[in-house]
Amino acid sequence: MKKLIFTSAFFLLFGVTLVAQKSLNSYKYILVPKQYEFQKTEDAYQVNSLTKFLFNKAGFNVLFNDEPYPEDLVDNVCLGLKAIVKNNPSLLATKMKIDLVDCYNNVVYSTTEGKSKIKEYKKAYYDVIRKTFADIEALNYKYESTTKIAPKALVEKNVITNKAEVVNKTKVVQDVSESKSVKQKSIDIKSDEIKAKVKSDDVKIKNNEQVKVKKESYSIEGVFNIDSWGRSTITKKNDSYSVKGGDEDFEFATIYPTSKPTLFIIKWVAYKQPQMVEIDKDGNLNIDSETGVKNYKRLD
């Protein structure tokens, strides 16, 4: 009977490990914050650096959250998982586990809780984190590029589906010049030019009628209504942007550019974990927060 129970438990654990491995293999990057909730300063006791090192050693592509993102991660932030170290100390032991969290703040994988009775903080943290990584190393992670992860709705693209009746038709498109005079030109539409997906600033074809090309490029600089700060100003500051607001014109955040002109990374003074920012077609800011996408209206 005991042998049967042991065998069943082994196969159950083995099955869970295979499922976790298959799930994690779909993600290309691990994002490690520079500071966790239990830390008073960035990379205190080198916990964050050790976490990044151990994920690299286990075969993952690892970035600190404030590092420049690769182009594919900028295009689809859901390719990455956030590595969150959870500290659950007790009087007699240091206890930690690691959660891997997706772009929708769902926990995709959790390690078992590691424990250490070492009294010195740094040595205890190192001991516990290395113990938790036994689970991660056992997964034998290997990225599977054939498994697609859909981008988050924050970076939505306009989709136009065209049918056979628009093939080889001639469309008239208004071309707005800098002097605001309107010219008309004919565009021959061939079947091989029709695509299922086009970018939001492309020509939109609808009902064989005239359509207006509206292609506007908004700068991150401007005045926005941001939470309790109210009327806030974003201005250029060296290679980044300063965000100031309140009665005392306090600098409460810094925004960093990415390789995409409409995508940025914001780092708040009071919140250590950076977040993604997108400028939408109306010039407003969409910020990817833990509670969902927040929209900040452009005032000027």
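**Exercise 1.** Which residues of helix 2 (residues 47–57) are buried?

*Solution.* The model is a predicted one. The criterion for a buried residue is under 20% relative accessible area. In helix 2, Val 47, Asn 48, Leu 50, Thr 51, Lys 52, Leu 54 and Phe 55 are buried. The next step is to find what covers these residues: the cover includes strand 1 (29–32), strand 2 (61–64), strand 3 (80–87), strand 4 (94–101) and helix 4 (121–137). Just after helix 2, Gly 59 adopts a positive phi of about 100°.

**Exercise 2.** Identify the residues that touch the most other members of the largest nonpolar core, and the element with the largest share of this core.

*Solution.* The core holds 43 residues, and Ile 30, Phe 55, Phe 60, Tyr 69, Leu 100 and Ile 136 touch the most other members. Among the elements that each supply at least two residues of this core are strand 1, helix 2 and strand 14 (263–268). Helix 4 supplies the largest share, five residues. Beyond its neighbours within four places in sequence, Ile 136 is in contact with Phe 55, Ala 58, Phe 60, Ile 98, Tyr 109 and Thr 111.

**Exercise 3.** Describe the largest cavity and its lining.

*Solution.* There are two cavities of 30 Å³ or more. The largest contains about 240 Å³ of space. Its lining comprises 19 residues, and Val 77, Lys 82, Gln 273, Pro 274 and Asp 288 lie nearest the centre. Strand 3 gives the most to this lining, with three residues. Sorted by class, the lining has nine nonpolar, six polar and four charged residues.

Key: Residues are numbered from 1 along each chain as its sequence is written. This is a predicted model: local features need pLDDT of at least 70, side-chain atom pairs count only at pLDDT 80 or more; totals for chains, interfaces and linings use all residues. Side-chain values use heavy atoms; hydrogens and water are left out. Buried means under 20% relative accessible area, exposed over 50%, partly exposed in between (1.4 Å probe, protein chains only). Helices (H or I, at least four residues) and strands (E, at least two) are DSSP runs, numbered from the N terminus. Contact means heavy atoms within 4.5 Å. On a 1 Å grid over the protein atoms alone, a cavity is a set of points where a 1.4 Å probe fits but cannot get out, and a pocket is an open set with protein on both sides within 12 Å along at least five of seven lines; lining residues have an atom within 4 Å of a point. Grid points are joined across faces, edges and corners, and a volume is the space filled by probe spheres set on the points. Ala, Val, Leu, Ile, Met, Phe, Trp, Tyr, Cys and Pro count as nonpolar, Asp, Glu, Lys and Arg as charged, and the others, Gly among them, as polar. A nonpolar core is a set of buried Ala, Val, Leu, Ile, Met, Phe, Trp, Tyr and Cys residues joined through side-chain atoms within 4.5 Å.
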